[in-house]
Each structure stands twice: as C-alpha cells, then as structure tokens.
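Here's a quick briefing on a few spots worth a look.

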Amino acid sequence: MGLLGGLVGSEAGVLLARALVTVLSRTVSDLYVPIAAMSDGAMVVSPGLLVSGLMLGLGVSMLGAMGPAGDASRTAPARALAPGEYEDSQELRVAPLAWVGCGCLVLAGALALPGPVKELPLFGYASALCLLLGLSFLAPSVVQGACELVRLNRERMQTGRGIGMLGCIAIEQAGRAPGRAAVTVSALMIGIAIMMGVGIMIQSFRHTVEIWIHQTIMADLVVAPTAWPQEDESGMLAKRVPRSWAGAIASVPGVAAADTYRQLTIEIKGRPVSLVSRDLRLHAKRSRYLFVAGDSVATLHRTVAAGGVIVSEVLAETLGVGQGDTLTLMTPSGEQPFPVMGVFYDYATDGGKVVLDHTLYRRLWQDDTVTVIPVYVESGADLGVVRRQIAERIRAGLGQEVPLVVISNAELKAEILAIFDRTFTITYALEFIAVVIALLGIVNTLLTSVLERQRDLATLRAIGASAQQIRRLVLWEACYLGLLGAAMGMVGGVLLSVLLIEVINKQSFGWTIQFQLPGRLFLEAVGLALATALAAGYLPARWAAKQPVVDGLRYE
C-alpha cells in the first residue's frame, strides 16, 4: 500500500507541478525578473525524485503500521472476536493522549518565542507542527466529550428542534470508537486549520497592503515605461526616462506638479536593496509615508534639511538600524554616511528600501534619469482630459526613445492588488490537497464503522428501520465528525494564523501585518467541512442501506 501510495502521489505531484508552473512563472515575473512561461517539455522530472516519492510513501506507511501491528500482536484472540471489546480497551488511552496534546500546545507556545536561525524561522515552523500535533492528540477527548454532552441532553435533543433519535445514535456510535473517529476529525481539522490559517494571513496581509497603497500612493496619474511595474531592472545604467520629461509633463494644462521617482537596486552588506530618490518636499506636500513613529510631513522635511535617508521597516530590522543611527551607502563617489531620519512601513519589496531626496541623489550618483513620473492634477481639473493631453504630449515626441504609458491611480492600485493575488494562487492548491486528504479519511472511517456495525445495522432493519433511516444514520455520523473537525480546525486556524503573521512572516520578511478575522472564512470553513463530510459519507451510507438483513444478522 505504501508503494502504491508513493507511486500515485508522485504522479499526482508531477501533474500538479505542470499545472502550477505557469502560475509560478507569472509570480516570478511580477516580483523579481521577467521570464517566459515554462512549457511541459521544459520541466525536468528526475528519476531520483520519483524514487524518493516511492520511498517516502513506503516509509510513512511502515511507520504508521508499527503501532497497530504491535497492538494487534498483543491482543488476545478472544478479545478481538468480542464485539466492542477492542474499542473499550482503547478508551483507556484517551486521557494520556489529552495530556500529551496539552504538552504539545505548551511546547508550541515556547517554540514561538526564539528568534530565527540564519534568517529562517525554524522555531516558528516547529511551533506550527506542535500546534497541529497537540490539537490532533486532543481530538479523542473532544469526540468523547461531545458524546457525553449528547448523553446528558439526550431527551432534549431527541425532541423539538433537536437532532432526533438518529442523530443521537450516530453520535453515540462515534463516541464508542473515539480513536477511529479522532483520526478522521484530526485529518479534517488539519485541512480546515491550514485553510483558515493561511486564509486569515492572506486576508490580513491584503487588508494591510490596501491600507498602505490607499494612504501612500496619492498621485493621480503615473507616466511610466510600458513594462512597469512588472519590469525589474537593477544597476545605475538601467534605461529609464530622462528627468527633463517631468518638466514637459508638468507644463500640461491641469497638471499641478510632477514628481521625479528614480528606483534602482544596490547592495548593502551583500543583500539587494531598493534605492529610491524623489522630490521629498513635494511628496510631503502631496502624499505621505507611513512611519513607524513620527509625522510624515515633518520627517520628510527634516530628511531633506539634514541630507539624510529614511529606511523601510524590513531593512531597519535586518541591519539593526533606527532613527538617529547612521547608514553607510556605496555611491559612485565612494562610501557616504547618511543619518537615518525615520523608519516607514513598505510592502513593495522584501529586500528593504532606502529613500533620499532627488537633489542629494543627483549630486552623489550623477544620474539624471527617472523611473516613473508621478503626476498630481489640479483640484477641479478633469482627470480624463489631463490624461489625454499627457498622452498626446508623449506621442508628440516624449515617448520616442522609451515607450511610455499613462496609468491612473485606480489602475495602478488594481494592478498592485492583482500581483498580490497572483502571488498567493499556489496556496489554494495546497489547501485543496489537505481537504482531499481529509475527505479520504472520512470515507475510510465510515466504511470501517459500517463494516464493524453490520449486525447492529441489520438489527435496526429487523425491528423496523427503513433503508432511508440507515442512510440518514451514517450521514448523521459524517456530519457530526465534520462539525467536530470544523470546530477544532477553526480554533487551530486562528492560532496558526497568529503564528504565521507574528512569528513566521515577521522572521522571514520583517513585515508588520495588521491582524484581521474575516467572518466569511469561518462560514466557508463550516460549509466546506459539512460538504466534505456529506460527500465522503454518501457511498458508505448507500452501501450500508443496501446490505441484506439476513447476512448482517449472521455477520458475527
């Protein structure tokens, strides 16, 4: 079974890789350097990778079989043949497992405290693993506890708007085998927790980025090369727009001001960092930076007066610098020290960013080009008319050397969010895989439960239960397991999202993300869990309802 699973998993992995390679190519082009989309023929699958998949499947199956194999070898034949005797013996292990689960949760909290190891959040990863393990060990206790709750409120739940007799029987049947039910609940819990944790992290990150772009990208129009903002060029000699064109655009009727934004990539202590120059006095008047501390206008004016720089939060944490420190940059004129006047939030790059005034940049770097030209339109002017006039000015001669486009503020913000959404597309495929694994786990549990209860189900049929009631009984059990998995998954998802945002993201990229709990995700988690449980329970329920009563009564 392990070899078969490894073979199927390896082939499925190759198919998934082929489906995702185009998405990854687009993401790399958006964030780093433009590349052509890879074709199926360009993707190389080494034989060693397939062999590794087979060995991994075999190893995991052998490891998983060691416990049951040892347990089976120690079980007396009389106990194994007695109905329910084996599960009764397993109930004794629920309490120790609960203590192990609590220990794993405590360990998860402790592992979230240390810092990164060589810029990798290894302790954060271990904390996430312990969190999921701890909740999995608690699953048998949750199954038993829910069953006891139903027993205490049996009369109330069987009448009125309760779940009825069939629902109570289904829950008690699951409670008789907490170990088997817990495996299914754990599988579904992990799938829902991953979906919730990653979903909350992505939605929180997107919400943070939306706030950032709405409060910092204030220019009404942007004149830029056609490949911007996807294009990524580094170095001083990257072909850009002559600075004099900003003056020509500023003379267009309806234009209040035109900024000169220059961005290139430099190295600081061996790591690539974005260097940005712009008219900081104009930016203070028309736009802003979101500073960790201090007012944007005052900080930008101080930066110009002191000949200093402002740095992004990511770079400040990486280099260990802050407001009042000195940052040394390599310029064409040699190394130059710059006072750090402020630290600001930035989500445009994961390498960090240094910003200085355009006058200081031109003097030290001897560079008279710009990357893009942000344009501010006069109050009351028609944005569409001004945009057409700028486009006509470009066609008249400005865009002869470098093809230019005029992008509106709304289009630029939409493109930034579109790049963000494409970046996280691959995570949805991983969530789908986790849910499929949970679905297969529920199918396996319900089929095993039906096989073990053939005589019980046949007895119910013999005393008057219909085939439809038997189907509903199995589906009630599936719904019960699905709801337990969803409840534990939502708890695990919220805790996992805190780890992803506050520990793993912070140690990996240094970004500050505003935590947000979208209610839509909770509704989706419950709906997905119930849909998965019902879909998984359909075949076992149908099979149980079709079993001959005589064969079932003879089963044992």
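**A loop threonine, a helix face and a leucine**

T349 is buried, with a relative accessible area of 17% (buried is under 20%, exposed is over 50%, and partly exposed is in between, using a 1.4 Å probe and protein chains only). Keep in mind that this is a predicted model, where local features need pLDDT of at least 70, side-chain atom pairs count only at pLDDT 80 or more, and totals for chains, interfaces and linings use all residues. Residues are numbered from 1 along each chain as its sequence is written, and side-chain values use heavy atoms, with hydrogens and water left out.

**Around T349**
- You'll find T349 in the loop between β8 (334–344) and β9 (353–357); strands (E, at least two residues) and helices (H or I, at least four) are DSSP runs, numbered from the N terminus.
- A polar atom of the T349 side chain sits 3.1 Å from the backbone nitrogen of G351.
- Setting aside neighbours within four places in sequence, T349 is in contact with S274 and W511 (contact means heavy atoms within 4.5 Å).

**Helix α18**
- Helix α18 covers residues 454–462, and Q454, L457 and A458 are buried there.
- Looking down the axis of α18, the buried residues fall within an arc of 100°, so they line one face of the helix (the arc is that of the directions from the helix axis to the C-beta atoms).

**L107 in helix α5**
- L107 belongs to helix α5 (residues 94–111).
- With a relative accessible area of 42%, L107 is partly exposed.
- L107 and G134 are 27 residues apart along the chain, and 9.1 Å separates their C-alpha atoms.

Notes
Polar contact = N/O pair within 3.5 Å; in protein donor to acceptor, adjacent residues only side chain to side chain.
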